[in-house]
Amino acid sequence: MNVPVHNTRKVMDTIVQAVATVLLGKEDQIRLALACLLARGHLLIEDLPGMGKTTLAQGLARALGLSFSRIQFTSDLLPADILGISVYERNSGEFRFHPGPVFSQLLLADEINRTTPKTQSALLEAMAEGQATVEGETRPLPRPFFVIATQNPVTQAGTFPLPESQQDRFTACLSLGYPDPAAERRLLEGGDPRRLLDRISPCLSAEQLQHFQHAVSRITASEAIIDYLQRLIQYTRTQGEFEHGLSPRAGLALLQCARAWAMIAGRHYVVPEDVQAVFPAVAGHRLQGAGVTATGEGRVEQVLNAVDVL
Amino acid sequence: MTAIRQLPRYGSLWLLIAFVASVLPHTGHLPPWISVAAAVAVAWRVQIFRGAWHYPGRWVKFALLCLCLAGLVLVYGRLYGLEPMVAMLVAAYALKLLEMRDKRDALIVVYLGFFVAVSLCLFDQSLVTAAIVLFALAAVTAGLAGIHQTDLHHRHFRPAMTGAMLLGQALPLMLVLFLVMPRLPPLWSVPMQRESGTTGMSDTLSPGDITQLGRSAEVAFRVEFADDVPPRRRLYWRGLVLSRFDGRTWSQWESWTYARDNIHMHGEAPPHWLAGQWGTGTSVAYRVTLEPTQQHWLYSLPIPQPLTAGTGVTRNYSLVRREPVVSETAYRVRSWQARPDASDSLSPLRRRVETHLPAGYNPRTQRIARQWAAEADDTEALVRRVLDTFRRDFFYTLNPPALGQHSVDEFLWDSRRGYCEHFASAFAFFMRAAGVPARVVVGYQGGEHHRAENYLIVRQYDAHAWAEVWLEGSGWVRVDPTVAVAPERIERSVVDVLEGEEGLFSASPLSLERFRSVAWLNTLRLRLDYLDYLWTKWVLGYREQQQSLLGDLLGRVEPWRIALFLLAGAGLALLPVLAWCFVQARPAFTRVEDRWYRHFCDRLAGIGLAREPGEAPGDFARRVAVREPAIVEPVKGITEAYERCRYGGDRAAGAELKARVRRFRPRWSRLFFYKDRKP
């Protein structure tokens, strides 16, 4: 199936509109999340409780027509609760593997930082290689495979901050923020969001989604764009404002997301605005400020201002 | 405003380094208490930096000022003169450094630093000094850069880099000024207070004078011969002819020697007493580079023909110069190997002066001289007899015993130990006592032949004194009694003769001369001397070449031509700096589309809409569209063409971009659609 570019844009808009019916006034974040998924990346949503993190994840899963499972992370969750376990069956006299929630197309890991690092790292292999090793046997995960994780700000009580290695596995990190007054009013006046969620019908089939994922790789990223990307990455490494610069994996993620963003905008090539649009989401959670300040949030904008586009 | 005036903490540290670098080389010629005061100022400043001490209070500062002034007056007794002035400058520098609090003070300290550093050149102009001054200038420039950086900079060596870079950028201009700037004579002269510390020949000769010079390894002059270097025994560098003797000291007969008729300056028609001297026999031409002596006389081989303007030859065949030699001076001479004019005769007055002896000195010598004169057949036999006596039982030494009132008597018949001036003086006295006109000549003998570069180095320890006697029919003939006593002094070198003797080089404790026997050190010594010679010849002695260079460059040397050339040269010299700045400021664009787009941005910047560095072309176009609706269409077209071409890989869009940018005239469009413009 070959979808022309203008059709792509129409399809993308449909998806965004569908999710926007449950998450009001957050089109930009929805687009970013979509771009992240199209770039085959995993998404981390960080915000205070009750801001709509889970709603965004569920809405996306429904609109994309993916099989969906959810794990609520708690402090006593064990890796086996995620990956699955072999259980002895008396009838056959054998051990039979009962797959865990990770064996689905879209895994929502809710409040991932409430569990211990041991359990958090059970997701590492699944996210990086798309497979799970349980009891010495490696089993492939369904395709496509996404993880959408939500977490509370690390300053909240009862949280285990994600280690850098785990954070780097997440392609992008979003934060939703409070809705604007008009959107909030519509939310308050509207019906129950749970019911609205059920009303979202899938806009894509799994095959179509995979097709779009392939199409992302074919979006042209010209020499000039690669140069700009390299300048950005170099700046974070040499300017001394950050504890560590961006990793090569971050560079790849940045390029892939920029391509996805260009595709959502209905273009077949990447322009600097695409890079700038996805940069805060992709780079923000990887750049820790060099001084006492905890995160590099505002500084990421500063990088964009300082590095010449041309 | 106060924040700007405040001095950055590390900036003051650089000023301290600059202070040490510019004052330290001065310590040699300043009174010791000033060095101590400077050290105290630095120490105090360091304590202030560490936060241990406070700034000096008003009364402390006043007391320090009074102390410094009192010290200056006590040491010098006057303020006019080079050394008191420099001492005062250094004292002021130290005091200002101590009270420096804000940026304005720091600037004064920096300017003082430049002055103090450069004033070092007034005392010494050697290659080493030039290097020290350059280093001090770099340090002061670093101080200047240091007070303009903020404390947020973490790189403390950055001011040093900036200072060195600034000096480097100034270097081409410095070169042009050096080449072209006319060497003006000073508008007023500052008396140089020359202490006895400087070595060199004086215009009188007493026992012990040349012995003193023999202890110094400093360079007196260097000579470059046009052809081969003549053999050592012919290298008698005549300086002064001393005809008057007062019993202890030989001095010049100034009224006769420097009478106008008895001096022939370069460029004049030769007088009668020179008529037969030049143009007969063989000659050697050479160029002498003389270290400053503060005196009027020059050194040359007999019989000199001056080839440089401003120099002349006296009737004693000594070479003189109109101005004293206050800085390194080069002159050319051709020396003729002719015998002095045999037909010349001594006038009665000259004969009386050249045989005059003070009454009541050295009676024993006078008696014996008269006796020997009666016994000898002719003057030459008498000379031979005296030299034979010297040859038999006299010693040549750098450490002769002190002599009393009858110095010649004591030397000839008692101690028999002496240096060249003792022999020359005694010989001339003896001859005069015997009725033969005789005089003492002082100058240098020999010199070290630098074989690699083929020039001759004459040092202070080559200083020598010998005698000349008047032989009827032959004129003045050189007789060197030292040859009789120590022939190796003339054939080899004074260093070989006196090796191991106490006192040799005692005036030059750091000289590499001490290690002549170590081969590689000797090579190093000669290399260093050549470097120093090149410096003296081409940098300090550049005055001479400058005239011909300017003549070649300008056609005629006129002030306005020089000024024009100076301006053009300075412009040319600064061009590379400008080019470098330009290249630094603009990123290199290899793609033609980038250049066109940059052109488009420049035009928009011309109407006040400059693109921010982090602003993508699309965002920029949208911002322009809001501000200047009149030019939405062309801006949008250009931006789209650029994006297609540069990001979309559409090569054909390049031509469209070029065409659109060429047509793009935002100034005109704005003029016509001015009303549409939103505020």
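**Exercise 1.** Determine whether Arg598(B) is buried or exposed in this predicted model.

*Solution.* Step 1: the relative accessible area of Arg598(B) is 18%. Step 2: a residue counts as buried under 20%. Step 3: Arg598(B) is therefore buried.

**Exercise 2.** Identify the residue whose side chain meets that of Arg598(B) in a salt bridge, and state what the pair joins.

*Solution.* Step 1: the partner is Asp308(A), with an N to O distance of 3.8 Å. Step 2: Arg598(B) belongs to helix α22 of chain B, while Asp308(A) lies in the segment after α14 (297-306) of chain A, so the pair joins two chains.

**Exercise 3.** Describe the interface of chain B and chain A by its contacts and its buried area.

*Solution.* Step 1: on chain B, 19 residues are in contact with 19 residues of chain A. Step 2: about 1,400 Å² is buried between the two chains, and carbon and sulfur atoms give 55% of this area. Step 3: in chain B, the most area is lost to chain A by Pro613(B), Gly614(B) and Tyr647(B), which together account for 39% of what that side buries.

**Exercise 4.** State how many salt bridges and polar contacts cross this interface, and which helices of chain B supply residues to it.

*Solution.* Step 1: three salt bridges are found across the interface; one joins the side chains of Glu273(A) and Arg622(B) at 3.2 Å, N to O. Step 2: eight residue pairs are in polar contact across the interface. Step 3: at least two residues of the side of chain B that touches chain A come from each of α22 (592-606), α23 (617-627) and α24 (632-646). Step 4: that side consists of seven nonpolar, three polar and nine charged residues.

**Exercise 5.** Explain how Asp529(B) and Arg459(B) tie together parts of chain B.

*Solution.* Step 1: their side chains form a salt bridge of 3.6 Å, N to O. Step 2: Asp529(B) lies in helix α19 (residues 519-540) and Arg459(B) in strand β17 (residues 455-459), so the pair ties together parts that are 70 residues apart in sequence. Step 3: both residues are buried.

**Exercise 6.** Locate Arg622(B) and Asp619(B) relative to each other.

*Solution.* Step 1: the side chains of Arg622(B) and Asp619(B) meet in a salt bridge of 2.9 Å, N to O. Step 2: the two residues are three apart in helix α23 of chain B, and therefore separated by about one helical turn. Step 3: Asp619(B) is partly exposed, at 28% relative accessibility.

Note on methods: Residues numbered from 1 in each chain as written. Chains lettered and ligands numbered in written order. Predicted model: local features only at pLDDT ≥ 70, side-chain atom pairs only at ≥ 80, totals over all residues. Heavy atoms only, no water. Contact = heavy atoms within 4.5 Å. Buried area = accessible area lost by both parts, 1.4 Å probe. Salt bridge = Lys/Arg side-chain N within 4 Å of Asp/Glu carboxyl O. Polar contact = N/O pair within 3.5 Å; in protein donor to acceptor, adjacent residues only side chain to side chain. Helix = DSSP H or I, 4+ residues; strand = E, 2+ residues; numbered from the N terminus. Nonpolar A, V, L, I, M, F, W, Y, C, P; charged D, E, K, R; others polar. Buried < 20%, exposed > 50% of the residue type's maximum accessible area, 1.4 Å probe, protein only.
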